[in-house]
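Open the model in your viewer and keep the sequence panel beside it. The stops below say what to select and what to look for.

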Amino acid sequence: MQTAFFVYGVTGYLLFLAVYAWLAAFVGNLLVKNSVDSPVASSIGLSLAIDLGLIVLFGLQHSIMARPAFKKIWTRIVPQPIERSTYMFASSAATTLLIWQWRAVDLVVWEVQHPVGRGLLYGLFAAGVIMVPAVSLMIHHFDLFGMRQVWLYLHGREYSSLPFRTPMFYSHVRHPLYIGWTIFFWATPMMTIGHLLLAAGMTAYMLVAVVFEERDLIAHFGRQYEEYRNRVPMFVPRLRTDLPVPESEPGS
């Protein structure tokens, strides 16, 4: 059973990496036939309705399955060691559905034509693509993606929560992962209505999700997170801080 769970976890992790690369190509209009701006034979109204439904489904899956109350019920069915890996499979499925069924609306909202401007925006997009996994590596990457859980189970060791830490970007803002995702979705030299809907919808989802996430973090870490929240801004770093920030790991 331990080996099967480990293989399950590794498969979920590798699948996520593949889907993430596909999502980056989809959003950046790179190397894939069907991208966020690929024209399809649908009316604008129908396309917008389908796309909005896909964004809502994506948000519900990612948010509901991450809540402790859901996990408490869910782990009565799914064994604890593979709960997070199962979440990764579900997240990959929701993302794949969004990419597969997306209906582009290629009416242009803005377009930067100057080569320098285009280069800067493509560079910013690349930075966002890199920032998302890089930020997760600053804290609990393998725990976040379920690998630590199945590794511990493979070796017969009990799972324990990781300590609270705020390394690197987390010492300046509480949710750098969401900043990376925001850059990922918004940095483009050509913004179409379809792309704008995706970027705005994902941003709205993150603004709602962060409220529930912070509530869960306070419930889990207590005063330690409360003090961190009072000291460190959510998204926009301060130009200077008067208090030193200790090495301490939020769960964005």
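How many salt bridges does the structure hold? There are six salt bridges, a salt bridge being a side-chain nitrogen of Lys or Arg within 4 Å of a carboxyl oxygen of Asp or Glu.

Before selecting anything, note that this is a predicted model, in which local features need pLDDT of at least 70, side-chain atom pairs count only at pLDDT 80 or more, and totals for chains, interfaces and linings use all residues. Residues are numbered from 1 along each chain as its sequence is written, and side-chain values use heavy atoms, with hydrogens and water left out.

**Stop 1: the salt bridges**

Select Glu 214 and Arg 174. Their side chains form a salt bridge, 2.9 Å from N to O. The pair links distant parts of the chain, 40 residues apart: Glu 214 belongs to helix α9, and Arg 174 to the loop between α7 (147-154) and α8 (176-186). Helices (H or I, at least four residues) and strands (E, at least two) are DSSP runs, numbered from the N terminus. Glu 214 is buried, at 4% relative accessibility, and Arg 174 is buried too, at 6%. Buried means under 20% relative accessible area, exposed over 50%, and partly exposed in between (1.4 Å probe, protein chains only).

Because they are three residues apart in helix α10 (residues 223-231), about one helical turn separates them. Arg 229 is partly exposed at 32%, as is Glu 226 at 28%. Salt bridges that share partners join Arg 174, Glu 214, Glu 226 and Arg 229 into one network.

Elsewhere, select Asp 143 and Arg 148: this salt bridge has its closest N and O atoms 2.9 Å apart. Asp 143 is buried, with a relative accessible area of 11%.

**Stop 2: the nonpolar core**

Select Phe 26, Leu 98, Trp 102, Trp 181, Phe 184 and Leu 198. These residues have the most contacts inside the largest nonpolar core, which has 50 residues. Such a core is a set of buried Ala, Val, Leu, Ile, Met, Phe, Trp, Tyr and Cys residues joined through side-chain atoms within 4.5 Å. Which helix supplies the largest share of this core? It is α9, with nine residues.

Zoom in on Phe 184. Leaving out residues up to four places away in sequence, Phe 184 touches Tyr 20, Leu 23, Ala 24, Val 27, Phe 125, Gly 128 and Val 129, where contact means heavy atoms within 4.5 Å.

**Stop 3**

Select α2, residues 44-64. This helix has 21 residues and reaches 30 Å from its first C-alpha to its last, close to the 30 Å expected at 1.5 Å a residue; the expected span is 1.5 Å times one less than the number of residues. Buried residues of α2 include Leu 54, Ile 55 and Phe 58. The buried residues of α2 pack against α4 (83-101) and α9 (193-221).

Move on to α7, where Met 147, Gln 149, Val 150 and Leu 152 are buried. The buried residues of α7 pack against α1 (2-27), α4 and α6 (141-144). Just after α7, look at Gly 156, which takes a positive phi of about 70°.
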